[in-house]
Amino acid sequence: MPEPTDTTPRHPGLDVHAVVRRDTFRLDAALSVAPGEILAVLGPSGAGKSTLLRAIAGLERLTAGFIAIGGRIVDDADRIRLSPRERQVGYVPQDYVLFPRMTVLDNVAFGLRAHGVRKAAARRRAQQLLDRFGVGALAHRRPTEISGGQAQRVALARALAVDPTVLLLDEPLAALDIGTRMSVRAELREMLTTFPGGVIVVTHDPMDAFVLADHLVVMESGRVVQRGAPAAVASHPRTEYVARLCGINLHRGVCDGRVIRLGTGMEWQVVDAPVGDVFVAVRPSAVAVYRERPDGSPRNCWKARVTSVEEYGHVVRLGVSRPANMIADITAESLALLRLRVGDDAWFAVKATDLVVYPAAEGSPYHPAESGAQPSDGATGLGV
Ligand SMILES: Nc1ncnc2c1ncn2[C@@H]1O[C@H](COP(=O)(O)OP(=O)(O)OP(=O)(O)O)[C@@H](O)[C@H]1O
């Protein structure tokens with residue numbers, strides 16, 4: 001990570017190291033987005049995602065660091081601080097914030113007018129964009145007379161009207177109901193792939209990151225805690241937050257290459273695993289459940305008390321907390337055969353070949369699953 005004083009842009013897209021101090025909160029995050037690339041910033045509420053976007057857009061003052069857009073410094077936290085309009089940034093805030101008294105057409109033409117484009121030309125360009133996004137027929141309505149999905153397209157058209165180098169979308173789908181969300185998400189992906197600049201999509205929904213983004217940055221408490229391709233992040237989580245979002249069991253232990261000793265004292269056999277401090281990820285569907293101890297099984301096996309039983313369609317998710325927080329997905333038929341209820345003891349097992357083991361970086365911000373949080377809380381993600 002560059003030092004906050006390093007103001008050397010690395011490529012023609014977006015290059016940022018943003019430090020923002022505010023009361024007890026401190027944002028300190030570095031990221032780059034190449035032209036044509038879509039980066040998702042995923043994180044829990046209060047992680048600093050909106051603060052980061054607002055800093056890039058020029059709406060938040062940097063305490064330290066720099067922002068380079070299109071190969072030029074637009075903010076160095078010192079002498080250089082271009083206004084939002086001068087930054088070549090298209091910014092769509094969380095609730096779209098369309099001007100309620102203007103028509104949809106004038107909302108989209110607004111940015112162009114602010115850049116000095118004459119009224120007739122600005123309106124022509126605005127109409128073209130609205131047509132392209134399939135909402136041209138709504139040009140003369142007010143924002144209060146259109147749906148959430150339509151408002152999302154209008155807001156996107158407005159942000160793109162000024163030909164930005166970088167497009168910043170803050171929770172673009174959060175205001176939509178679940179049904180609309182899925183279709184608009186797919187449409188948004190289509191629209192974004194034709195945009196030549198870099199895109200940052202802020203979201204707290206891992207599905208948005210999977211469908212929309214090429215790369216993923218995970219933020220917690222103002223810091224980047226993990227980055228990579230979405231599938232790689234989901235299969236190799238490094239924090240409990242990421243593991244829960246993706247519905248993966250995550251543990252940490254010390255490995256000698258063949259056996260991992262978990263923090264809880266349990267020992268698991270592994271195959272060709274790295275030596276040292278490691279993370280172990282286990283898919284809930286890879287955890288087998290028995291009433292009695294399975295005989296002669298090559299699996300890692302332990303007894304635990306069931307703490308939760310939740311049905312998700314044909315899948316039943318069992319939670320156990322000791323000796324290690326764990327979720328196991330079994331079929332409804334299996335549950336009927338096992339006749340398990342909360343408070344019952346059962347045997348749990350995982351094959352050595354189903355354990356995904358990877359080195360844990362020094363000082364990694366993992367919060368042990370034994371901290372008291374229940375494994376079923378929020379563990380409703382993708383189950384990859
Ligand atoms: N205008 C403000 N004044 C003071 N503190 C603020 C302000 N806006 C945000 N904060 C605080 O800054 C921190 C980061 O907030 P931010 O909105 O960037 O997080 P976020 O990840 O976008 O959260 P969310 O997903 O809920 O929008 C939080 O602790 C928040 O309470």
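In which sense do β15 and strand β19 pair, and over how many bridges? The two strands pair in the antiparallel sense over 3 bridges, where pairing requires that DSSP finds at least two bridges between two strands. Strands here are DSSP runs of E with at least two residues, and helices are runs of H or I with at least four, both numbered from the N terminus.

The model is predicted: local features need pLDDT of at least 70 and side-chain atom pairs count only at pLDDT 80 or more, whereas totals for chains, interfaces and linings use all residues. Residues are numbered from 1 along each chain as its sequence is written.

Strand β19 covers residues 345-350, and its F348 stands opposite V289. Both strands belong to an open sheet of 5 strands in the order β15-β19-β16-β17-β18, with antiparallel pairing. Its edges are β15 (288-290) and β18 (326-331), each of which pairs on one side only.

Attention now turns to two helices. The axes of α2 (residues 104-114) and α3 (residues 119-132) come within 8 Å and cross at roughly 120°; axes are lines fitted to C-alpha atoms over the stretch in contact, and angles run from 0 to 180 degrees between N-to-C directions. The helices are therefore oblique to each other, the class left after under 35 degrees (roughly parallel), over 145 (roughly antiparallel) and 65 to 115 (roughly perpendicular).

Among the residues of α2 that meet α3 are V104, L105 and V108, and their counterparts in α3 include A122, L129 and L130; contact requires C-beta atoms, placed from the backbone, within 7 Å.

Technical notes. Two residues are in contact if their C-beta atoms, placed from the backbone, lie within 7 Å.
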